[in-house]
Amino acid sequence: METFIRPHVGQGAMTLPSQWYVSPEVFDAERERVFSKRWLCVGRVEQVERSGDFFTAEVAGESLIVTRDTSGTLHAFFNVCRHRGTRMCETASGHFQGSIQCPYHAWTYALDGKLSVARNMAEVPGFDRADYPLHEAGIAVWEGFVFVNLGCPVASAESAFAQAFAPLIGRFAKWNIASLRTAQSIRYELACNWKLVFLNYSECYHCPLVHPQLDKLSPSDSGRNDLSEGAFLGGYSELRKHGMSLTTTGSTIRPPIESVDGADLDRVYYYTIFPSLLLSLHPDYVMVHYAKPLAPGRTEIVCAWLFDPKTMALPNFDPTDAVEFWDLTNRQDWHVNELTQLGLSSRAYAPGPYSNAEGLLSAFDRYYLSAMGA
Ligand code: FES
Ligand SMILES: [Fe+2]
């Protein structure tokens, strides 16, 4: 990656040069080297509970159809007809009645991707339906999250995912995330590069100034990292007092998630899952941020709040205290991220030194640069 300016190598870790956040060439290179090759989270498995349920996902400029076939197997099909390439499915989610039909000439695919009907093609010399199944990306499920990988063959998806996610598999068993359900989600569009969201999430140096409401409940210097190198980075912060929760009131009537116990009742864990997910584990709920780059300076974030379905079934269940707390915190973060994007774009910007509270940020940069082959 000679064309991009290398980060300054000095005494301590420095922030990256601005190109990495503003350049269209870097954005295109990321699409090729990162987003077309890595496992990207696109949703939850409950969105495709029954055979024929589907949702579409846009990843690295591709449209995928995530659906479940009649044998229960999940697929991530490229939304591209094998006849003349037409995008077949235009809706965000829904239910296929047993097959996927192209709206152009009605070529029809079974839910496992096989071409089952191709009108008037029997007479075409050499044509065999078996040669034209839908193209598929690799797909895997972890803790109820659906991950896709454009660069991974379907046949090796399971083992490739298990290898890539080895440091995380089983790690959050106490939160039983697979069983949780989304109570609410909010979509944000940010005027900043996606990496600034990951960097900002990885430090609480800014918390006393930017999030006084968070600092009141969880001291900004109480963070301890337990994953500090590689694709997955993070650790925990302490709650100030036993029984607190990160809510608008600082407490909650919700019970903790069943098997969360001991010190974890007084902690919130925060992890970045490169390059598409932020995972925040609270005693009584799990929050996730799904991240999707839209342009060098534009990022979509969907924040979702997940709870135990038993808690959600209680007559007094109300997620508002958690949602409003983090919606405010999110907006405070987005604002400073957008300010950073503005400053990075200035001719006056030059890499600055990371503080000792920003070790995860230089680890993120290192990992990112290695993923980019820089
Ligand atoms: S392009 Fe799909 S059936 Fe012709
Ligand atoms: Fe923040």
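**Briefing: a sheet, a helix pair and a buried threonine**

Three strands, in the order β6-β7-β8, form an open sheet with antiparallel pairing. Strands here are DSSP runs of E of at least two residues and helices are runs of H or I of at least four residues, numbered from the N terminus; two strands pair if DSSP finds at least two bridges between them. This is a predicted model, in which local features need pLDDT of at least 70, side-chain atom pairs count only at pLDDT 80 or more, and totals for chains, interfaces and linings use all residues. Residues are numbered from 1 along each chain as its sequence is written, and side-chain values use heavy atoms, without hydrogens and water.

- β6 (99-101) and β8 (115-117) are the edge strands, each pairing on one side only.
- β6 pairs with strand β7 (residues 108-110) in the antiparallel sense over 3 bridges.
- Within this pairing, Ile100 stands opposite Tyr109 in β7.

**Helices α4 and α9**
- Helix α4 (residues 194-201) packs against helix α9 (residues 359-371) at an angle of about 145 degrees, with the axes 9 Å apart; axes are lines fitted to C-alpha atoms over the stretch in contact, and angles run from 0 to 180 degrees between N-to-C directions.
- Trp194, Lys195, Phe198 and Leu199 of α4 meet Leu361, Phe364, Asp365 and Tyr368 of α9 in this contact (heavy atoms within 4.5 Å).

**Thr311**
- Thr311 lies in helix α7 (residues 309-312).
- Thr311 is buried, with a relative accessible area of 9% (buried means under 20%, exposed over 50%, partly exposed in between, with a 1.4 Å probe and protein chains only).
- Beyond its neighbours within four places in sequence, Thr311 is in contact with Arg254, Pro255 and Phe317.

Technical notes:
Chains are lettered from A and ligands numbered from 1 in the order in which they are written.
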